[in-house]
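I opened this entry to keep track of what I looked up in the structure. My notes follow the order in which I checked things.

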Amino acid sequence: MNVNPTPHTNGAILQVEHLKKYFPVRRGLFQQVTGYVKAVDDLTFDLYEGETLGLVGESGCGKTTTGRAILQLEAPTAGSVKLRGRELVGLDQRALQPLRTEMQIIFQNPYSSLNPRMTIGRILTEPMLVHGIVATRKEAEERALELLERVGLSPYFVNRFPAEFSGGQRQRVGIARALSLNPYLIICDEPISSLDVSIQAQIVNLLRKLQRDLSLTYLFISHDLSMVRYISTRTAVMYLGKIVELGESTTVVSHPLHPYTQALWSAAPIADPAIEETRERIILKGDVPSPVNPPVGCNFNTRCPKVMKICHEVDPEFRELEPGHWAACHLY
Amino acid sequence: MAPLLQVQDLTVRFHTKDGVVQAVTGVSYTMEQGDILGLVGESGSGKSVSSMAMLRLIPEPPGRIEGGRVLFEGRDLLQIPRRQMHTVRGHEIGVIFQDPMTSLNPVMPIGRQISEALEVNLGMDRRAAEQETIQVLERVGIPQAAQRIGDYPHQFSGGMRQRVMIAMAISCRPKLLIADEPTTALDVTIQAQIVDLVKRLQEELGMAVIWITHDLGVIARLAKRVNVMYAGTLVETAPIKTLFSNPAHPYTLGLLGSLPSLDTTAEQDLAYIEGAPPDMINLPPGCPFWPRCGFRTRICTEQIPELFDAGDRHQSACWHIDAVQAADAPSVREREANA
């Protein structure tokens with residue numbers, strides 16, 4: 001099977017092919033491997049220069065592991081990840097180090113992802129010094145001040161510690177740190193979900209502005225489909241380690257093909273009682289099955305309202321059903 | 001007939017080593033039988049504390065209910081003896097918490113956790129209580145309830161545990177159900193199941209519901225009426241549709257603008273609220289929202305606004321209701337762009 005949802009090959013700065021990440025499940029006295037959690041199970045997609053690709057799904061669907069496997073923070077079990085044509089899978093830490101300046105990550109939790117004993121200035125200058133992208137400490141410090149300004153923080157904060165900041169301010173520091181090495185690809189792993197509603201919009205606007213100003217490419221991981229629809233050029237929907245649908249964000253939401261996307265969107269609350277009153281709701285039965293023993297055939301068959309006989313037997317192929325709109329479902 | 005619940009001037013403080021946290025200040029509202037009230041606010045807005053204070057579930061010290069009355073069917077819950085309060089909590093007001101794993105007893109079968117309450121509160125014998133437990137678990141959608149009453153909480157998924165919590169809360173047929181962010185820890189598809197379940201139970205049992213959340217989307221789906229809280233005070237109260245179509249407080253307006261709607265296009269930035277919520281120990285003088293408000297004038301920095309009428313059954317604690325109601329979200333965006 002050689003499937004690649006790529007309408008055109010040029011412009012792809014990241015090519016992910018058949019990416020897999022399995023975690024062994026160990027049991028007993030001798031810690032024998034009794035099975036595998038298939039956290040990421042055969043993902044193939046491209047990321048184009050300057051776009052935002054939204055990766056949406058519920059907890060445990062493998063979206064965070066996907067981000068980490070792309071950055072080689074988790075060694076993939078199989079598959080290929082190419083950054084501007086260079087294979088990342090299998091590289092050792094030393095070979096990866098120079099590539100770290102090209103791809104960075106913003107973490108979900110701004111409380112646990114900043115070292116509480118480092119000043120903001122040190123958090124921002126250390127990566128620059130380690131990677132040698134500045135000649136002197138003084139240059140790093142000047143650049144740290146610029147970064148603070150760029151993310152909307154006062155330069156006076158440079159000598160303060162993370163504990164002195166609110167969640168939204170810390171997330172700005174996390175963004176500044178990601179920018180410190182001048183990357184062109186940033187993986188945003190649920191960057192707003194731990195923030196208060198009134199702060200979320202500030203951070204989303206900041207990310208959009210930085211993207212315009214610095215020509216960044218984002219992989220935006222989130223569980224919030226309405227935010228992903230808004231911020232992303234294209235959206236990929238994940239379920240139990242697989243991408244079930246991928247397409248232009250507006251199309252995926254207005255005209256979803258996969259029954260899971262349809263249910264996910266209908267379950268996403270919309271802050272408008274007039275819409276909520278008339279909206280048709282697909283309530284999925286039951287829970288997400290365990291990724292240790294995913295169902296045979298289509299892995300959504302235990303909850304799918306449109307399940308057919310074939311869904312219990314054959315894993316549906318991920319196919320381009322309309323131009324640029326891919327889905328893995330036997331209905332089509 | 002007296003309303004089901006009248007909260008009058010409720011004030012709660014936490015006395016910490018850093019100072020006095022002004023968690024809830026002068027909150028007043030009324031609920032009728034069968035109402036569904038959404039209580040919306042961000043973390044630290046006092047939405048949970050005000051509700052837990054009604055049940056006298058605030059840890060004392062450091063917390064202290066410093067004033068106000070909570071009239072439940074005419075009785076002041078803040079004054080009745082402790083014994084009577086037990087009956088109220090077990091029998092007349094049910095509570096569901098955010099995290100079912102920490103609110104269920106991990107070493108007791110779930111059936112026993114429910115039937116024990118039935119025996120204590122309703123005086124049922126053990127066998128009748130067990131029968132009733134199976135029925136109530138079926139009602140909340142636990143499959144094979146009769147077989148599962150011997151299972152422990154860890155044997156259920158997050159969504160199923162929350163159903164068990166709901167079963168426990170409604171088992172004694174309360175007149176009021178307080179749901180404190182019951183779906184925040186759950187995935188959206190499971191959240192939709194729980195919201196629909198509570199909505200159905202509310203219709204079948206006719207109880208009133210207070211649904212505490214930070215999620216305006218959930219409120220839009222469920223509530224008939226909304227109270228918006230900010231920095232420990234009630235800043236706006238309105239029927240659900242009015243709140244969304246014609247908000248009268250700048251905070252509500254800002255919150256609504258900060259959510260991408262179905263027609264927000266990729267070219268538009270989101271409207272947003274400047275700054276961050278205030279330090280609850282050192283609240284600004286005057287209206288607590290003025291440091292973040294695009295409508296502020298001098299009076300806002302000096303005098304705390306009370307709840308003024310803003311329309312039919314609609315009140316807002318703002319000195320500039322007319323200007324807020326005349327504005328729509330885009331004009332706020334322009335105002336902030338120009339500021």
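**Backbone and interface notes**

I started with Arg313(B), which lies in the loop of chain B between strand E11 (308-311) and strand E12 (314-316). The model is a predicted one, and in it Arg313(B) has a positive phi, near 50°, in a residue other than glycine.

I next turned to chain A, where Gln31(A) is not a glycine but has a positive phi of about 50°. Gln31(A) sits in the loop between strand E1 (12-27) and strand E2 (32-48) of chain A. I noted 9 other C-beta atoms within 10 Å of Gln31(A), so this residue is exposed.

Then I looked up cis peptide bonds in chain B. One joins Glu60(B) and Pro61(B), with omega about -20°. Another joins Pro61(B) and Pro62(B), with omega about 10°. I placed Pro61(B) in the loop between helix H1 (47-54) and strand E4 (63-72) of chain B; Pro62(B) lies in the loop between H1 and E4 of chain B.

Last, I went to the interface. I found 33 residues of chain A in contact with 38 residues of chain B. Helices H6 (197-214), H7 (225-231), H9 (259-267) and H10 (273-278) of chain A each supply at least two residues of the side that touches chain B. H6(A) gives the most, with 9 residues. By class, I recorded 17 nonpolar, 9 polar and 7 charged residues on that side of chain A.

Technical notes
Residues numbered from 1 in each chain as written. Chains lettered and ligands numbered in written order. Predicted model: local features only at pLDDT ≥ 70, side-chain atom pairs only at ≥ 80, totals over all residues. Contact = placed C-beta atoms within 7 Å. Helix = DSSP H or I, 4+ residues; strand = E, 2+ residues; numbered from the N terminus. Nonpolar A, V, L, I, M, F, W, Y, C, P; charged D, E, K, R; others polar. Buried ≥ 20, exposed ≤ 12 C-beta atoms within 10 Å, placed from the backbone.
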